[in-house]
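Please read the following notes with the coordinates open. They are numbered so that each can be answered separately.

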Amino acid sequence: MSEENDDQPVALVTGGGTGIGSACCRRLAAEGFRVGIHYRSSEEKAEKLCAELVSSSAGGAFTIKADLMDSESLDALVKELKSAAGRVDVLVNNAGYNVNAPMLAMNLDQYDKVASVARGTWYLTKLVLRRFMMRKGSGRIINISSVVGHTGNAGQIPYTMVKAGLDAFTKSLSAELVGRDILVNSIAPGFVATEMTDELPDEIQEQILAKVPLGRVAQADEIADVVAFLATRGSYIHGSVLHVNGGMYGG
Ligand code: NAP
């Protein structure tokens with residue numbers, strides 16, 4: 001864990017140990033944030049990334065564990081954040097969970113797991129707002145949704161429902177935060193090269209790629225660049241969904 005500095009802004013990235021989340025942590029540290037790398041199961045990856053960020057000349061980092069499916073775990077995370085960081089200036093709700101199965105094969109337990117990560121995202125945001133951002137009167141909340149929340153996707157019904165809901169959450173919360181310097185936005189990525197997409201069968205990957213006018217998948221850094229922009233600039237963007245998908249869908 002790097003040393004706390006009262007003046008240094010802090011960014012919390014959920015699911016920071018892997019994929020897009022790790023790229024966001026690196027990019028935000030390069031922008032001078034002290035980064036809270038949240039993880040659930042990817043402890044080794046999160047600790048390795050933390051060591052990398054602490055030893056670099058970037059803003060430093062610490063790790064923090066919680067299961068978004070468990071509200072008590074999130075209460076404990078926010079308590080720990082109080083002592084580990086004392087502030088949260090940017091919250092990147094990046095963690096997500098998907099089960100690939102067609103409608104008739106999907107069971108209630110699978111549906112509940114996908115939906116309870118969304119419930120946890122809502123609850124964590126509420127806690128971070130209450131404990132940190134409302135008191136300070138400023139903050140940035142960046143929700144990582146998905147193009148499939150807009151286009152739909154066969155075999156991912158609960159996931160697409162949750163991602164569409166996350167963009168609705170962005171819009172509704174932005175409307176509640178009237179007159180405050182707390183900006184809430186979504187970034188809806190298209191197809192990004194990470195472990196989540198590696199798991200898709202080859203023929204599905206090829207079908208998706210055929211729909212991308214840029215003719216390639218995104219690298220996680222290309223999503224993290226937009227996260228960094230919203231975290232540090234983007235001062236008049238609020239309640240928006242930024243589509244980052246190589247031309248697949250324009251919103
Ligand atoms: P990933 O590497 O599988 O990341 C998913 C992250 O979510 C992991 O770090 C995981 O943490 C965390 N997570 C899952 N369930 C959790 C739970 N119950 N509690 C806490 N954390 C949990 O995939 P990714 O591609 O980087 O995805 C990052 C985000 O981008 C997700 O929201 C995903 O839906 C979205 N997205 C991805 C793509 C794409 O093409 N890759 C496209 C559009 C949107 P642990 O590993 O520590 O358990």
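1. M161 sits in helix α6, which covers residues 157-176. The model is a predicted one. With a relative accessible area of 45%, M161 is partly exposed, because that class lies between under 20% (buried) and over 50% (exposed). M161 also belongs to a nonpolar surface patch of about 560 Å².

2. In what order do the 7 strands of the open sheet follow one another? The order is β3-β2-β1-β4-β5-β6-β7, and the pairing is parallel. The edges are taken by β3 (61-65) and β7 (241-244); each has a single partner strand, so one side of each lacks a neighbour in the sheet. From one strand to the next, the twist averages 20°. As a general point, strands of a sheet pair through backbone hydrogen bonds, either parallel or antiparallel.

3. Strand β5 (residues 138-144) and strand β6 (residues 181-189) run parallel and are joined by 7 bridges. Two residue pairs can be checked here. G139 has I182 in β6 as its bridge partner, and I141 stands opposite V184 in β6.

4. Helix α3 (residues 71-84) touches β1 (10-13), β2 (34-39) and β3. The direction of α3 makes about 160° with that of β3. Helix α6, the one that holds M161, packs on the sheet through β5, β6 and β7. Its direction makes about 160° with that of β6.

5. Is β6 largely enclosed or largely open? Of its 9 residues, 8 are buried, so the rest of the structure largely encloses β6. β6 also pairs with β7 in the parallel sense, over 4 bridges. Within this pairing, A188 stands opposite H243 in β7. The partner β7 is one of the edge strands.

6. S116 is part of helix α4, which spans residues 108-136. Its relative accessibility is 16%, so S116 counts as buried under the 20% cut-off. Which residues does S116 contact, once neighbours within four places in sequence are left aside? They are L68 and M69.

Conventions. Residues are numbered from 1 along each chain as its sequence is written. This is a predicted model: local features need pLDDT of at least 70, side-chain atom pairs count only at pLDDT 80 or more; totals for chains, interfaces and linings use all residues. Side-chain values use heavy atoms; hydrogens and water are left out. Patches are made of residues with over 30% relative accessible area and no salt bridge: like charges are joined within 9 Å, nonpolar side chains (Val, Leu, Ile, Met, Phe, Trp, Tyr) within 5 Å. Accessible areas come from the Shrake-Rupley method with a 1.4 Å probe; for residues, only the protein chains shown count as cover. A salt bridge is a side-chain nitrogen of Lys or Arg within 4 Å of a carboxyl oxygen of Asp or Glu. Helices (H or I, at least four residues) and strands (E, at least two) are DSSP runs, numbered from the N terminus. Buried means under 20% relative accessible area, exposed over 50%, partly exposed in between (1.4 Å probe, protein chains only). Two strands pair if DSSP finds at least two bridges between them. Axes are lines fitted to C-alpha atoms, for helices over the stretch in contact, and angles run from 0 to 180 degrees between N-to-C directions. Contact means heavy atoms within 4.5 Å.
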